[in-house]
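Visitor: I would like to know what the words used for a protein structure rest on. Please show me one and let me ask.

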Amino acid sequence: MTKPSKEEETPRPAGEGESPLERRFRRLGLSEASDFVVHLPIRYEDETRVSAVGGALPGQTVQVEGEVLHSEVQLRPRRQLVAVISDGTGRLGLRWLHFYPNQRRQVETGRRIRVRGEVRSGFNGCEIVHPRVTAAGGALPDALTPVYPTTDGLSQSALRRAIGQALDTADLSESLPESICHSLALPSFKDAIRILHAPPAGMSIHELVERGHPAWRRIKFDELLAQQLSLALARRHRRSQRAQALAAADAELLQRLRASLPFALTSAQERAIAEISADLARGYPMHRLLQGDVGSGKTIVAAFAAAQAIASGWQVAIMAPTEILAEQHFSKLGAWLRPLGARVTWLTGSLTARQRRAALETIAAGEADLVIGTQALIQDKVHFPRLGLVVLDEQHRFGVAQRLELNRKGDSGDTGAGRMPHQLTMSATPIPRTLAMTFFADLDVSVIDELPPGRTPVITKLVSESRREEVLSLVHREVRAGRQAYWVCPLVEESEALQLQTAVDTHAWLSAAFPDMAVGLMHGRMPSSEKQEAMDGFRRGAIHLLVATTVIEVGVDVANANLMIIEHAERFGLAQLHQLRGRVGRGGGQSVCVLMYQGPLGMVARDRLKAMYETTDGFEIARRDLEQRGPGEFLGMRQSGQELLRYADLQSDSDIIEQARAAAAEMMASHPGYVDRHLRRWMRGRQELLRS
Ligand code: ADP
Ligand code: MG
């Protein structure tokens with residue numbers, strides 16, 4: 001299978017002659033018969049039986065038949081139509097607050113009617129408000145009535161009709177080889193689909209809705225299998241691409257880099273460096289994720305990768321999510337690599353037009369070996385004649401769109417001769433196992449699972465806002481003792497202006513509280529020269545206390561800072577708190593992170609703070625984060641507005657993920673004909689998303 005063309009990637013534009021109905025269908029992602037077929041009910045109504053009036057309980061939705069004993073239009077307390085029916089087992093009230101003349105005729109005294117609706121307890125016993133009424137004795141359906149997810153202005157009946165038609169016309173043929181269906185005891189696709197759209201009368205609604213029925217298992221399996229297959233194809237596709245083998249002709253350069261370091265690499269770092277080095281020497285593009293907790297020393301590993309590419313005569317681009325981090329990389333990596341003769345340039349959004357032009361020219365002329373920057377690096381105008389390696393730091397902070405952009409950058413021929421650059425992504429956020437098996441399965445992963453020696457775990461304190469004075473004296477004490485501190489301002493999500501104001505106010509207030517201290521300020525909207533100044537001052541020790549917004553969240557590395565105060569910690573997410581806390585505990589000596597909170601705390605906030613208090617282990621934090629937030633946000637997919645999985649659940653269906661993974665391998669190897677058919681049904685145009 002080849003890579004999808006551009007047309008397939010972009011959603012189909014609204015057709016000229018599209019009807020309002022079609023537009024609504026499209027909003028639900030329904031355009032072809034095969035889409036309708038896998039648009040499955042969220043619940044069902046049971047209209048297959050008529051039950052006894054006497055057994056109706058408040059809260060139930062029932063269908064009963066009976067004779068109208070009485071009906072009238074009441075005028076008080078408001079105009080309404082009321083009726084009472086009986087079937088000999090009991091009586092049931094009916095009430096309409098709005099009604100048409102024919103509804104009144106439907107319930108004339110003496111008529112036998114069938115009514116349906118939710119029972120509630122009324123003034124005179126049980127009643128249904130606005131019941132659906134038909135004549136008694138009509139034929140009963142022999143299947144449960146499906147209720148589908150829908151959108152504004154699209155009725156259930158229109159959906160049911162369209163889906164019913166699709167079931168008649170669509171290709172429902174089997175997309176799994178017999179051997180897989182058989183060994184996993186899965187029903188056929190056709191059976192599963194028919195059961196879910198029209199479960200036979202008597203089937204347990206509970207089992208259907210809880211998605212425990214074998215038919216549901218088949219659907220979830222299919223969905224997860226499609227995902228595994230596209231990942232396998234992506235991997236095959238990548239292996240079929242060409243990349244420049246970066247075998248480091250000049251091996252001495254790497255030796256010099258190693259010799260210049262003031263510390264010995266940890267064995268985990270050595271291992272990661274060796275894995276990356278082997279990948280870079282191959283003729284197909286590396287896609288490797290370097291995962292290591294905050295402070296584990298990922299940057300130097302990236303430096304080795306960069307050095308190898310540069311020693312082979314190719315360019316390296318390193319991208320960071322914030323300008324401050326890019327700047328820090330620029331100075332750190334510069335200090336490591338410049339002495340080896342590397343030409344280092346940087347490119348961010350805040351350069352003046354002239355600086356930017358100069359940087360672009362240098363890059364395009366091949367006169368920059370290492371280019372460090374922010375998102376600006378993936379913009380169209382940046383042309384790398386010999387791009388050999390792209391490094392993405394704090395990968396989780398980039399949206400899917402940006403990661404795709406980066407892939408295309410390689411595709412667009414920047415590397416010349418149809419070659420793709422190698423890709424190294426780095427993240428402190430470990431990927432939980434189920435996600436690793438699914439959305440990230442195309443990545444090879446190197447893990448740095450040990451911290452550099454001599455680090456003492458950060459002590460975390462939870463302190464109520466009312467004990468602010470104590471926090472101030474703690475800051476005072478530490479600074480007196482020659483240490484430095486961060487003060488993180490509360491997050492104000494509703495308004496950026498308010499957020500900045502808070503930072504400015506906090507800075508003023510802390511400056512007044514500590515007249516004998518140098519208090520610095522840093523926020524995202526400061527001109528980058530001022531940001532740089534503040535950061536430099538802090539790094540040099542000229543600033544004792546740095547008041548900052550979350551701009552310092554990722555990457556910032558100042559070893560002498562050993563105290564961090566986070567105000568309104570209850571407003572931050574778990575991953576964010578962990579990253580922030582990771583700014584301290586980078587040198588020797590004891591570090592402290594104070595999470596100030598303002599009660600009363602909601603459940604989720606309490607769990608989050610508790611997790612922070614209980615553990616400093618990034619893996620554990622990530623696990624709890626996933627539990628609290630779900631995978632979508634974890635992946636940074638919110639921006640893309642795309643659904644990941646519609647039916648399977650990464651947490652509760654992990655056993656099915658395992659099966660799907662094994663089945664995908666078997667299908668790729670022994671049943672290639674089925675692969676395409678399965679993907680066509682489940683993945684139309686969505687494969688690309690999985691490759692980001
Ligand atoms: P992160 O993995 O969070 O990006 P960094 O690369 O910023 O971590 O490294 C954190 C700090 O640890 C840096 O100051 C770095 O120079 C230092 N460091 C990295 N590796 C080692 C090591 N093996 N021994 C001692 N210090 C190290
Ligand atoms: Mg880092």
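Visitor: Why does His130 count as partly exposed?

Guide: The model is a predicted one, and every value here is computed from it. His130 has a relative accessible area of 38%. Buried means under 20% and exposed means over 50%. The value for His130 falls in between, so His130 is called partly exposed.

Visitor: Where is His130, and what is its phi?

Guide: His130 sits in the loop between β6 (125-129) and β7 (132-135). Its phi is near 50°, a positive value in a residue other than glycine. Most residues other than glycine have a negative phi. Arg211 is another case, with a positive phi of about 60° although it is not a glycine. Arg211 belongs to the loop between α8 (205-209) and α9.

Visitor: What does Lys220 touch, leaving aside its neighbours within four places in sequence?

Guide: Lys220 is in contact with Arg211, Tyr647, Ala648, Asp653 and Ile656. Contact here means heavy atoms within 4.5 Å. Lys220 itself is part of helix α9, residues 214-240.

Visitor: Is Lys220 buried or exposed, and how do you know?

Guide: The relative accessible area of Lys220 is 7%. The limit for buried is under 20%, so Lys220 is buried.

Visitor: What makes helix α20 mostly covered?

Guide: Helix α20 spans residues 574-581, and seven of its eight residues are buried. Those buried are Leu574, Gln576, Leu577, His578, Gln579, Leu580 and Arg581. Over the protein, buried residues make up 51% of the 692 residues.

Visitor: How many disulfides does a search of the whole structure find?

Guide: The search finds zero. Take Cys489 as an example: the nearest cysteine sulfur, that of Cys593, is 14 Å away. A disulfide needs two cysteine sulfur atoms within 2.5 Å, so Cys489 is in no disulfide.

Visitor: Why is Cys489 called buried but Cys126 partly exposed?

Guide: Cys489 has 1% relative accessibility, which is under the 20% limit, so Cys489 counts as buried. Cys126 has a relative accessible area of 21%. That value lies between 20% and 50%, so Cys126 is partly exposed.

Visitor: Which residues come nearest to ligand 1?

Guide: There are 17 residues around ligand 1, and Gly295, Lys298, Thr299, Arg455 and Asp557 come nearest. The shell divides into five nonpolar, six polar and six charged residues.

Visitor: Which peptide bonds can you show me that are cis?

Guide: One joins Arg76 and Pro77, with omega about 0°. Pro77 lies in the loop between β2 (61-74) and β3 (80-86). Another joins Gly599 and Pro600, with omega about -5°. Pro600 is in the loop between β23 (592-597) and α21 (603-614). Most peptide bonds are trans.

Visitor: Where is Glu465, and what does it touch beyond residues up to four places away in sequence?

Guide: Glu465 is in the loop between β18 (459-464) and α17 (468-480). It touches Glu567, Met596, Tyr597 and Gln598. By contrast, the C-alpha atoms of Glu465 and Gln379 are separated by 44 Å, and these two are 86 residues apart along the chain.

Visitor: How many helices and strands does the protein have, and what box do its C-alpha atoms fill?

Guide: The protein has 26 helices and 23 strands. Its C-alpha atoms fill a box of roughly 100 × 65 × 45 Å along the principal axes. Among contacts between residues at least 6 apart in sequence, 76% join residues at least 24 apart.

How values were computed
Residues are numbered from 1 along each chain as its sequence is written. Chains are lettered from A and ligands numbered from 1 in the order in which they are written. This is a predicted model: local features need pLDDT of at least 70, side-chain atom pairs count only at pLDDT 80 or more; totals for chains, interfaces and linings use all residues. Side-chain values use heavy atoms; hydrogens and water are left out. A residue is near a molecule or strand if one of its heavy atoms lies within 4 Å of it. Ala, Val, Leu, Ile, Met, Phe, Trp, Tyr, Cys and Pro count as nonpolar, Asp, Glu, Lys and Arg as charged, and the others, Gly among them, as polar. Helices (H or I, at least four residues) and strands (E, at least two) are DSSP runs, numbered from the N terminus. Buried means under 20% relative accessible area, exposed over 50%, partly exposed in between (1.4 Å probe, protein chains only).
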